[in-house]
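Here are some friendly notes to read alongside the model. Take the points one at a time, and keep the structure open while you do.

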Amino acid sequence: MIDLTSSGLQNIVVEEAEDGIYTVTLSRPAKRNALDAATIEAFVSLFSALPRQGARAVVVRAEGDHFCAGLDLVEHFEEDRRPEDFMHLCLRWHEAFNKIEYSGIPVIGALKGAVVGGGLELASAFHIRVADHSTYFALPEGQRGLFTGGGATIRVAGLVGKARMIDMMLSGRIYKEQEAVDVGLCQYLVDDSESKAMELARAAVQNPPLSNFAICSAISHLQNMSALDASYAESVVAGIVNTQPASRSRLEGFANKTAARIKPKV
Ligand code: 1HE
């Protein structure tokens, strides 16, 4: 086990903000939280450890005005990488972001400012994205003479659809405000993304951890399968989750009419 709060993770600060709820802060604001190779390694280490160390939910936030400016373009320029070097780097990005998406614990992004390029690839691995009014989303890879390498072809295309992703990359189109919600880049648009993200984390940890494990890993895994295999695997997951001891008292509460009913607030 690593001590997450003093583990020397580069450009990332981890704190247990509340019981079981961790904040992960991108802390390279002078470089607009651009993702260099060391930061990607920090994400791999962190999300390898967090689910096994009792984290019940994670809020990813950022220092400065911008959530994340994507790939560290200066490092990439200075390293003058060979194709195989960049391929291996991309595999580490995938390792990091897969660890987030398939972590089994709710990971909620508190977004602001630029969420662009690799920053959008990072954000699209979260289970919930909360934007504020400064937040904007773009894929400027084409304009930089680059291509996505951190999962956008899978996750961003999954969020907005292939046609919108291609348009974003060809035209440099930027999405923000309600339009970003409407196309699926984020689920919430609020004045204060951090407090909303914490509120969502507090709500999520009310669920039994095994339910959240299924929600925050099985849905993604099942999406990768054929419908036939997914329906089989869903049955197996439901067999385990829906008979867990933690659900007994909740079911009893419904049966004896003490549990809250599911109705919109008036
Ligand atoms: C950076 C980066 C970066 C800022 N790599 N250093 N991503 C992009 O194409 C977005 C590039 N960044 C920007 O367009 C702007 O910096 C922002 C709109 C995000 C912010 O603008 P601003 O005016 O607040 O800051 P700035 O003056 O542009 O930058 C401040 C510093 O951050 C400056 O460093 P300094 O040492 O000169 O002070 C910048 O160099 C530095 N900085 N962004 C490195 N991205 C797996 S493939 C993924 C491919 C991609 O992600 S492509 C998209 C890359």
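This is a predicted model: local features need pLDDT of at least 70, side-chain atom pairs count only at pLDDT 80 or more; totals for chains, interfaces and linings use all residues.

1. Let us begin with a term.

2. Which residues make the contact between helix 9 and helix 10? On helix 9 they are L210, S211, A214, A218 and L222. On helix 10 they are A230, A233, E234, V237, I240 and V241. Sorted by type, the residues of this contact divide into 9 nonpolar, 1 polar and 1 charged.

3. Is S211 buried or exposed? Its relative accessibility is 18%, so S211 counts as buried, the cut-off being under 20%. Setting aside residues up to four places away in sequence, S211 touches V241 and Q244.

4. Move on to helix 5 (residues 152-160), where the buried residues are A152, R155, V156, A157 and V160. What covers them? The cover includes helix 3 (83-101), helix 4 (118-123) and helix 6 (162-171). Just after helix 5 comes G161, with a positive phi of about 95°.

5. The loop between strand 7 (136-138) and helix 5 is the place of T148. T148 counts as buried because its relative accessibility is 9%. Leaving out residues up to four places away in sequence, T148 touches E121, E141, T153, M165 and M169.

6. Next, the ligand. How many residues surround the ligand? There are 25, and the closest are K31, A69, L73, G118 and R144. A polar side-chain atom of K31 lies 2.3 Å from an oxygen atom of the ligand, and a polar side-chain atom of R32 lies 2.9 Å from an oxygen atom of the ligand. With A69 the backbone takes part: one of its polar backbone atoms is 2.7 Å from a nitrogen atom of the ligand.

7. V130 belongs to strand 6 (residues 128-131). Its relative accessible area is 0%, so V130 is buried. Which residues is V130 in contact with, once neighbours within four places in sequence are left aside? They are I108, G109, A110, L111, Y188, V190, S193, K196, A197 and L200. Take L111 from that list: V130 and L111 are 19 residues apart along the chain, yet their C-alpha atoms are separated by 5.8 Å.

8. Finally, two backbone angles to check. N11 has a phi near 70°, a positive value in a residue other than glycine, and N11 is found in the segment before strand 1 (12-18). E177 also is not a glycine, and its phi is positive at about 50°. E177 is found in helix 7 (residues 177-182). With a relative accessible area of 30%, E177 is partly exposed.

How values were computed
Residues are numbered from 1 along each chain as its sequence is written. Side-chain values use heavy atoms; hydrogens and water are left out. Buried means under 20% relative accessible area, exposed over 50%, partly exposed in between (1.4 Å probe, protein chains only). Contact means heavy atoms within 4.5 Å. Helices (H or I, at least four residues) and strands (E, at least two) are DSSP runs, numbered from the N terminus. Ala, Val, Leu, Ile, Met, Phe, Trp, Tyr, Cys and Pro count as nonpolar, Asp, Glu, Lys and Arg as charged, and the others, Gly among them, as polar. A residue is near a molecule or strand if one of its heavy atoms lies within 4 Å of it. A polar contact is a pair of N or O atoms within 3.5 Å; within protein, one must be able to donate a hydrogen and the other to accept it, and residues adjacent in sequence count only if both atoms are side-chain atoms.
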